[in-house]
Amino acid sequence: MELSDLEITFKEDLEEQEDIARCLRTLILTPAGTAPLCRDFGIDNSFLGRPLPAAQNALAVEIMSKAAIYEPRVTVSEVTSEATADGKITVKVVCSSG
(Lines give C-alpha, C1' and ligand atoms only; values in the text may rest on other atoms or scores of the structure.)
Protein backbone atom coordinates (compact mmCIF):
# COMPACT_ATOMS: atom_id res chain seq x y z
CA MET A 1 0.00 0.00 0.00
CA GLU A 2 1.09 3.55 -0.60
CA LEU A 3 -0.30 6.99 0.14
CA SER A 4 -1.36 8.35 -3.24
CA ASP A 5 -3.54 11.37 -2.57
CA LEU A 6 -4.11 13.75 0.33
CA GLU A 7 -7.01 16.17 0.77
CA ILE A 8 -7.02 18.68 3.64
CA THR A 9 -10.21 20.60 4.40
CA PHE A 10 -11.27 22.99 7.14
CA LYS A 11 -14.58 23.22 9.00
CA GLU A 12 -14.33 27.01 9.03
CA ASP A 13 -12.31 29.65 7.21
CA LEU A 14 -9.00 30.36 8.92
CA GLU A 15 -6.66 33.26 8.29
CA GLU A 16 -3.59 31.06 7.73
CA GLN A 17 -5.46 28.22 6.04
CA GLU A 18 -3.11 27.85 3.06
CA ASP A 19 0.00 27.82 5.27
CA ILE A 20 -1.57 25.32 7.68
CA ALA A 21 -2.56 23.02 4.80
CA ARG A 22 0.98 23.23 3.38
CA CYS A 23 2.51 22.41 6.76
CA LEU A 24 0.15 19.48 7.33
CA ARG A 25 0.83 18.14 3.84
CA THR A 26 4.59 18.26 4.52
CA LEU A 27 4.13 16.53 7.89
CA ILE A 28 1.89 13.77 6.50
CA LEU A 29 3.94 13.06 3.38
CA THR A 30 7.27 12.95 5.23
CA PRO A 31 8.23 9.49 6.50
CA ALA A 32 9.24 9.60 10.18
CA GLY A 33 12.98 9.38 10.68
CA THR A 34 13.92 11.10 7.42
CA ALA A 35 14.07 14.75 8.54
CA PRO A 36 17.62 15.63 9.64
CA LEU A 37 17.83 16.89 13.24
CA CYS A 38 14.14 16.13 13.81
CA ARG A 39 13.81 12.35 13.50
CA ASP A 40 10.33 12.26 15.07
CA PHE A 41 8.88 14.61 12.42
CA GLY A 42 6.67 12.89 9.88
CA ILE A 43 4.39 9.89 9.81
CA ASP A 44 5.52 6.41 10.85
CA ASN A 45 4.49 4.42 7.80
CA SER A 46 5.18 0.96 9.23
CA PHE A 47 1.39 0.48 9.24
CA LEU A 48 1.44 0.03 5.45
CA GLY A 49 2.13 -3.70 5.78
CA ARG A 50 -0.91 -4.35 7.98
CA PRO A 51 -4.37 -5.47 6.86
CA LEU A 52 -6.38 -2.56 5.45
CA PRO A 53 -8.66 -1.76 8.44
CA ALA A 54 -5.71 -1.84 10.85
CA ALA A 55 -3.60 0.29 8.50
CA GLN A 56 -6.36 2.88 8.11
CA ASN A 57 -6.82 3.10 11.88
CA ALA A 58 -3.08 3.38 12.57
CA LEU A 59 -2.74 6.08 9.91
CA ALA A 60 -5.59 8.12 11.41
CA VAL A 61 -4.12 7.89 14.92
CA GLU A 62 -0.64 8.79 13.65
CA ILE A 63 -1.89 11.84 11.71
CA MET A 64 -3.96 13.12 14.64
CA SER A 65 -1.19 12.69 17.20
CA LYS A 66 1.58 14.18 15.03
CA ALA A 67 -0.60 17.11 13.96
CA ALA A 68 -1.27 17.90 17.62
CA ILE A 69 2.49 18.14 18.18
CA TYR A 70 3.65 19.89 15.01
CA GLU A 71 0.64 22.00 13.95
CA PRO A 72 -0.98 23.49 17.08
CA ARG A 73 -2.93 26.09 15.07
CA VAL A 74 -5.58 23.48 14.26
CA THR A 75 -7.12 20.31 15.63
CA VAL A 76 -7.49 17.37 13.28
CA SER A 77 -11.07 16.33 13.92
CA GLU A 78 -11.45 13.61 11.31
CA VAL A 79 -9.24 11.38 9.17
CA THR A 80 -10.79 9.07 6.60
CA SER A 81 -9.10 6.95 3.99
CA GLU A 82 -10.09 4.87 1.01
CA ALA A 83 -7.99 2.22 -0.66
CA THR A 84 -8.07 1.07 -4.25
CA ALA A 85 -7.61 -2.50 -5.44
CA ASP A 86 -4.04 -1.72 -6.50
CA GLY A 87 -3.07 -0.67 -2.94
CA LYS A 88 -3.17 3.12 -3.22
CA ILE A 89 -4.66 5.04 -0.29
CA THR A 90 -6.46 8.37 -0.55
CA VAL A 91 -6.58 10.26 2.75
CA LYS A 92 -8.98 13.05 3.71
CA VAL A 93 -8.12 15.18 6.74
CA VAL A 94 -10.65 17.57 8.28
CA CYS A 95 -9.36 20.31 10.59
CA SER A 96 -10.97 22.85 12.89
CA SER A 97 -9.51 25.84 14.71
CA GLY A 98 -7.16 24.85 17.51
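# A guided look at a predicted model

Visitor: Which residues touch the most other members of the largest nonpolar core?
Guide: This is a predicted model, and its largest nonpolar core holds 26 residues. Within that core, the residues that touch the most other members are I8, F10, L24, I63, V91, V93 and C95.

Visitor: Which element supplies the largest share of this core?
Guide: At least two residues of the core come from each of β1 (2-10), α1 (17-29), α2 (52-70), β2 (74-83) and β3 (88-97). The largest share, which is six residues, is supplied by α2.

Visitor: Which residues is I63 in contact with, leaving aside its neighbours within four places in sequence?
Guide: I63 is among the buried residues of α2, and I63 is also among the residues that touch the most other members of the core. Once the neighbours within four places in sequence are left aside, its contacts are I28, I43, V79, V91 and V93.

Visitor: How far apart are the end C-alpha atoms of α2?
Guide: The helix α2 has 19 residues, and at 1.5 Å a residue it should therefore span 27 Å.

Visitor: How many disulfides does the structure hold?
Guide: A disulfide needs two cysteine sulfur atoms within 2.5 Å. For C23, the nearest cysteine sulfur is that of C95, which is 11 Å away, while the sulfur of C38 is 13 Å from the closest one, in C23, and so too far for a bond. The number of disulfides in the structure is zero.

Visitor: Is C38 buried, partly exposed or exposed?
Guide: Buried means under 20% relative accessible area and exposed means over 50%, with partly exposed in between. The relative accessible area of C38 is 29%, so C38 counts as partly exposed.

Visitor: Where is G87 found, and is it buried or exposed?
Guide: G87 is found in the loop between β2 and β3. Its C-alpha atom is separated by 29 Å from that of K11, and these two residues are 76 residues apart along the chain.

Visitor: Which element of the protein has the highest mean pLDDT?
Guide: The mean pLDDT of the protein is 91, and 98% of its residues reach 70 or more. Among the elements, the lowest mean, 86, belongs to β1, whereas the highest, 96, belongs to α1.

Definitions and conventions
Residues numbered from 1 in each chain as written. Predicted model: local features only at pLDDT ≥ 70, side-chain atom pairs only at ≥ 80, totals over all residues. Heavy atoms only, no water. Buried < 20%, exposed > 50% of the residue type's maximum accessible area, 1.4 Å probe, protein only. Core = buried A, V, L, I, M, F, W, Y, C linked by side-chain atoms within 4.5 Å. Helix = DSSP H or I, 4+ residues; strand = E, 2+ residues; numbered from the N terminus. Contact = heavy atoms within 4.5 Å. Expected span 1.5 Å × (residues − 1). pLDDT = per-residue confidence, 0-100.
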